[in-house]
Amino acid sequence: MNLSTKNLATSLKDYSSSSSELIVGNHPLNHIEKLVSGTPFYVYDRQLIINRVKQLTNTLPSEISLHYAIKANPLPSLVQLMTTQVSGFDVASKKEMLLAMQTGMPAEKISFAGPGKTAEDIEAAIIAGVTLHVESAGEIARVELAANQLSLKANIALRINPKFELKSSGMKMSGGSKPFGIDEEQVAEILTNLNLSQINLRGFHIFAGSQNLNAEAIISAQQQTFMLAEELVALVSEITKSKIDYLNIGGGFGVPYFANEASLDIEAIANSLQILLKKHKTLVTGLELILELGRYLVAEAGIYVSKVIDKKVSRGTNYLVCDGGLHHHLANSGNFGQVIRKNYPVVIGNKLKGDVQELVNIVGPLCTPLDILADKVMLPEATMGDYVVIFQSGAYGASASPKDFLSQPQVSELLL
Ligand SMILES: Cc1ncc(COP(=O)(O)O)c(C=O)c1O
């Protein structure tokens, strides 16, 4: 009932089906269940990821390098696939950095961002030769010290907290006071104090926010990013007498999860980027220009599948109780940053064409009212053993969920 038929149609059209069963990577759900030895599981369709990257690179200006933010989905086989699709990785921890390195991605194509990097993280990043996106004056001092102790030079880019914000964003990460990055007005002082014998200043990282479906807002943030970059590059030239070779303009491309949300207008963003590249030709010549995306590349290529293990009626409301829930898919339960919980697109994966419909609440096995898979949805009548499939689940799923909560069985993941 609350389900957006538009979003459901978008989700379903990406996947095929045999009669009434969903197929992922040429395998019906019941075969995938056998491959992973039972529900619940996440399954990701490699072809959908490849299609998504191709569509994006065909649309964006060729000067833009696409980097994948591993935090969106760190499954090793998926990250390995990404080495053939994108030109670099963004990592948010030492573990992600080691994963990125082991795929064979060259160190100069890996960036390491995040507030609160430990001395161990910093040392490892310098040894690996990746680019540290430094987030404070204190962190720069720690990087200089570690580089000195290792007798190595550290590659850094200054992560900037610009004055502007990315409007209508699911998660705003710039503008005002933020724990992320260095306020733009502090940059001159930071540059003056840089110890360039320990540090190779590659450039800047300006990441304004995440999960944005408003092309106009992204375009406006990118326009301001390029203007700010002009100022920052002028400061570098004036203070350090050097040039940068690296500008990460952030990302923020969102995917539609809920009723009445529409896909992002990539063409509008690409057209605006073309204009910006012309306008800022001198700035961008010789620069590696990076767009850093996580969920946009993988979210729509993944589904979460659990099984109905009980069906009951409580005072007139039908419940499907499943073997999977918020401990595997926190975001779908509404507890990963949403203010008001809404349903992700959901189907009964083996009854896509079921005639008899019923209004149900779908819940997980945890003893908490927060464990919701879908609320008040009209679906084909389901019975024990049927598959409940949640779409748009390829990003911030398994790795962003409290998997040990209530010591329930772990979830399987498979890339097909
Ligand atoms: C620095 C940085 N890069 C990339 C991302 C990925 O964002 P998304 O998956 O929405 O593209 C985030 C998300 O918080 C981030 O903080």
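Modeller: Helices H5 and H6 cross in a left-handed sense, meaning that the near helix is turned anticlockwise from the far one by less than a right angle. Helices here are DSSP runs of H or I with at least four residues, numbered from the N terminus. The model is predicted, so local features need pLDDT of at least 70 and side-chain atom pairs count only at pLDDT 80 or more, while totals for chains, interfaces and linings use all residues. Residues are numbered from 1 along each chain as its sequence is written, and side-chain values use heavy atoms, without hydrogens or water.

The axes of H5 (residues 94-102) and H6 (residues 119-128), lines fitted to C-alpha atoms over the stretch in contact, come within 10 Å and cross at roughly 20°. H5 is therefore roughly parallel to H6, a term for angles under 35 degrees. From H5, Lys94, Met97 and Met101 meet Glu120, Asp121, Ala124, Ala125 and Ala128 of H6, contact being heavy atoms within 4.5 Å. That contact comprises five nonpolar and three charged residues, with no polar ones.

Residues with an atom within 4 Å of a point form the lining, among them Leu166, Phe207 and Ile249. Helix H9 (residues 215-240) gives the most to this lining, with four residues. By class, the lining of the largest cavity has seven nonpolar and five polar residues, and no charged ones.

How values were computed: Axes are lines fitted to C-alpha atoms, for helices over the stretch in contact, and angles run from 0 to 180 degrees between N-to-C directions. Helices (H or I, at least four residues) and strands (E, at least two) are DSSP runs, numbered from the N terminus. Angles under 35 degrees count as roughly parallel, over 145 as roughly antiparallel, 65 to 115 as roughly perpendicular and the rest as oblique. Ala, Val, Leu, Ile, Met, Phe, Trp, Tyr, Cys and Pro count as nonpolar, Asp, Glu, Lys and Arg as charged, and the others, Gly among them, as polar. On a 1 Å grid over the protein atoms alone, a cavity is a set of points where a 1.4 Å probe fits but cannot get out, and a pocket is an open set with protein on both sides within 12 Å along at least five of seven lines; lining residues have an atom within 4 Å of a point.
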